[in-house]
Amino acid sequence: MKLDEFGSHIAHIDLSRRSVELRAAPKEWVRKYVGGRGLGVRYVFERGADVDPLSPENLLCFMNGPLSGSEVNMSGRWAAVTKSPLTGTITDSHQGGWSAARLRWAGLDGLVFDGRSEQPVYAYVEDGAVSLRDASEVWGKNVHETVDFFRERYGARHLSVCTIGVAGEKQVLYSAWINEDDRAFGRGGTGAVGGSKKLKAIVIKAGPQKSQVPDTEAWREARRVALAAIRDESTVTSPKKGGLSVYGTNVLMNIVNSIGALGTRNSQETTFGERAERISGEYVQEKILVNDPTCHACPVACKKEVEITEGPHAGLRMESVEYEPAWSLGANCGNDDIASIAKMIDQCNDYGLDPIELGGVFSAFMEASQKGYLNGKEEGSLEWGDHGQMIALIEQIALRKGMGDVLAEGTARTAAHFGHSEIAMVAKGQAVAAYEPRGMKGMGLGYATSNRGGCHLRGYVAAAELGVLPIKADPLEWKGKGALLKLFQDLAAFSDSLDLCKFSAFAEGADEYAQQYAAALGIECSADDVLEIGERVYNLERHYNNLAGFGPGSDTLPERYTREPSTAPGSKGHVCELELMLEEYYEARGWEDGVVPDEKLEELALL
């Protein structure tokens with residue numbers, strides 16, 4: 001597996017013609033956009049920004065980065081890139097596990113799907129080749145059953161299955177691709193794009209391959225430096241010692257709750273009080289944790305496999321009660337029953353749904369029920385904390401039955417259905433995540449300026465606002481957040497293009513990324529180059545969105561965040577000063593009211 005040949009093996013699959021052609025990505029694209037997110041965005045941009053997301057013309061790209069599948073720690077990621085049916089923006093989503101590594105080991109750097117098949121198909125990848133095969137036997141099946149089917153057919157050894165469930169087939173606008181039962185391309189509705197193309201699954205058969213690099217010593221040293229940073233006991237990534245490794249992402253629940261930044265009951269409140277403990281990572285570890293699985297080449301093992309041993313969900317064993325879904329289906333919905341949360345996350349994994357968007361849909365429905373906004377008795381209602389009804393509704397959503405057909409359209413459209421768009425906690429049509437903008441103001445700016453709609457991962461300034469990094473920022477101070485967010489967004493755009501796990505940034509920075517990238521490809525790369533490439537990727541995404549109709553004034557937040565002061569300890573009296581932060585941010589970016597001017601496009605060699 002020659003890492004310096006990355007980009008030379010991209011499979012272009014035309015589903016309409018049932019043809020497969022292997023091509024090299026243009027060398028200039030690889031140089032300017034690296035791979036993963038960046039390269040996928042370039043392919044999608046080439047198709048045009050006015051494409052209908054659910055039409056045959058929309059591209060669906062699954063892209064590795066140059067480090068995917070290598071010995072580099074935390075390199076078990078790949079990116080799904082397309083135009084989102086939920087938001088109308090460009091979107092990319094990333095997934096861990098083993099599929100990325102196996103695609104690389106199979107001799108491919110990416111898969112670009114075009115067109116629409118007349119009949120359900122899946123792509124089978126082995127020994128550098130891709131074939132389209134009949135998926136009629138698994139169309140209509142959910143993820144777990146589909147994975148079992150292919151393991152039986154091809155053998156479980158060295159096999160990865162990335163598939164949509166019924167929700168994707170029904171084109172639920174926030175449906176997801178799921179890898180190996182429980183690792184998701186979660187956000188943006190990539191599953192619906194797959195369903196619209198009648199593409200059921202990607203099945204990859206490949207055993208481990210050793211990386212070949214131009215300079216073995218440089219490669220070994222780059223990996224040594226990065227691993228030392230990850231193992232440093234002062235970081236949250238430190239294996240078996242750091243908070244992320246011990247408790248998983250849900251280590252954040254009690255921390256965020258304590259500073260008045262945990263959106264509760266659709267952000268009508270900013271703390272879940274003492275009830276947050278019952279859905280926290282500490283509670284999970286003490287009560288239901290049974291295993292710490294991990295992804296390819298990852299010593300952190302942040303995934304937490306749990307087992308429910310009593311109550312209506314006894315016997316459920318699933319992975320993983322992450323912070324975001326534990327919040328979205330927990331505090332956000334007034335629910336402190338951890339077993340029900342595990343059940344709903346497992347339903348999301350099986351039907352193929354984004355649990356963050358699902359929680360936003362539920363909380364909007366709950367607030368509409370609370371305030372008497374429902375349109376008719378036939379819709380029923382949903383009360384705060386009613387996890388039994390939530391569980392029942394998930395099946396209706398996945399199958400688009402009854403009220404589920406309304407809720408399948410996402411948070412923004414659900415709120416609009418009730419005639420009260422103000423109760424949708426969204427940015428650019430996508431539900432925001434588990435950091436309340438009145439208590440963590442940089443995250444509010446991040447939601448508003450995210451190129452894929454409400455998202456915590458475009459630029460994770462939470463790491464600075466929570467004091468996880470050497471760079472620290474007061475979560476209640478708005479000044480300085482514009483330039484800080486730009487830095488985080490550009491760095492994340494580069495790491496997503498490598499494609500490394502986001503959590504690598506808790507220990508590594510631009511220097512470590514540059515050193516590993518340079519050693520892999522035998523090129524020169526500095527920290528400044530890293531940030532320039534990241535800036536280029538972020539601006540290309542924004543330019544795409546501008547062309548798609550997201551013009552001046554598109555970077556907004558719900559007025560609840562900007563006008564209604566928090567009443568919780570830690571953030572009491574605060575609102576999110578979005579407009580002031582946007583002024584700083586646009587100045588740092590060189591944008592004009594959210595639009596990339598030609599001068600910036602020329603500066604970054606995008607014209």
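**Figure 1. M74 in the loop between β3 and β4 of a predicted model.** M74 lies in the loop between β3 and β4; helices (H or I, at least four residues) and strands (E, at least two) are DSSP runs, numbered from the N terminus. The phi of M74 is near 70°, a positive value in a residue other than glycine. Most residues other than glycine have a negative phi, and most peptide bonds are trans. M74 counts as buried because its relative accessibility is 3%; buried means under 20% relative accessible area, exposed over 50%, and partly exposed in between (1.4 Å probe, protein chains only). In this predicted model, local features need pLDDT of at least 70 and side-chain atom pairs count only at pLDDT 80 or more, while totals for chains, interfaces and linings use all residues. Residues are numbered from 1 along each chain as its sequence is written, and side-chain values use heavy atoms, with hydrogens and water left out.

**Figure 2. Strand β3 and its two antiparallel partners, β4 and β6.** From strand β3 (residues 60-63), L60 and F62 point one way and C61 and M63 the other way; all are buried. In a regular strand the side chains alternate between the two faces of the sheet. Strand β6 (residues 110-114) runs antiparallel to β3 and is joined to β3 by 4 bridges; two strands pair if DSSP finds at least two bridges between them. With strand β4 (residues 78-83), β3 pairs in the antiparallel sense over 3 bridges. The bridge partner of F62 is L111 in β6 and A80 in β4.

**Figure 3. A297 in the loop between β13 and β14.** A297 lies between β13 (289-291) and β14 (305-307). Its phi is near 55°, a positive value in a residue other than glycine. A297 counts as partly exposed because its relative accessibility is 22%.

**Figure 4. Cis peptide bonds at E319-S320 and L498-D499.** The bond joining E319 and S320 is cis, with omega about 10°. S320 is found in the loop between β15 (317-319) and α11 (323-328). From L498 to D499 the peptide bond is also cis, and omega is near 10°. D499 lies in the loop between α19 and α20.

**Figure 5. Helix α14 and its cover.** Helix α14 (residues 387-399) has 13 residues and reaches 19 Å from its first C-alpha to its last, close to the 18 Å expected at 1.5 Å a residue; the expected span is 1.5 Å times one less than the number of residues. Buried in α14 are M390, I391, L393, I394, I397 and A398. The cover over these buried residues includes α5 (166-169), α12 (338-351), α13 (355-371) and α15. Just after α14, R400 takes a positive phi of about 55°.

**Figure 6. G404 in helix α15.** G404 belongs to helix α15 (residues 404-407) and counts as buried because its relative accessibility is 0%. Leaving aside neighbours within four places in sequence, G404 is in contact with Q396 and I397; contact means heavy atoms within 4.5 Å. G404 and S267 are 137 residues apart in sequence and 23 Å apart in space, C-alpha to C-alpha.

**Figure 7. The largest cavity and its lining.** The whole structure holds 3 cavities of 30 Å³ or more, and the largest has a volume of about 70 Å³. On a 1 Å grid over the protein atoms alone, a cavity is a set of points where a 1.4 Å probe fits but cannot get out, and a pocket is an open set with protein on both sides within 12 Å along at least five of seven lines; lining residues have an atom within 4 Å of a point. Grid points are joined across faces, edges and corners, and a volume is the space filled by probe spheres set on the points. Among the residues that line the largest cavity are N266, S267, W327, M425 and Y561. Its lining divides into 5 nonpolar, 6 polar and no charged residues; Ala, Val, Leu, Ile, Met, Phe, Trp, Tyr, Cys and Pro count as nonpolar, Asp, Glu, Lys and Arg as charged, and the others, Gly among them, as polar.

**Figure 8. The second largest cavity and its lining.** This cavity has a volume of about 40 Å³. V246, Y247, N250, G281, V284, Q285, L289, K304 and V321 line the second largest cavity. At least two lining residues each come from α8 (243-247) and α10 (281-287), and α10 gives the largest share, 3 residues. By class, the lining has 5 nonpolar, 3 polar and 1 charged residues.

**Figure 9. The second largest pocket and its lining.** The second largest pocket has a volume of about 560 Å³. It is lined by 29 residues, of which L469, L491, A505, F506 and E508 are the closest to its centre. The elements that give two or more residues to this lining are α19 (481-498), α20 (510-521) and α21 (527-547). The largest share, 5 residues, comes from α19. By class, the lining has 20 nonpolar, 4 polar and 5 charged residues.
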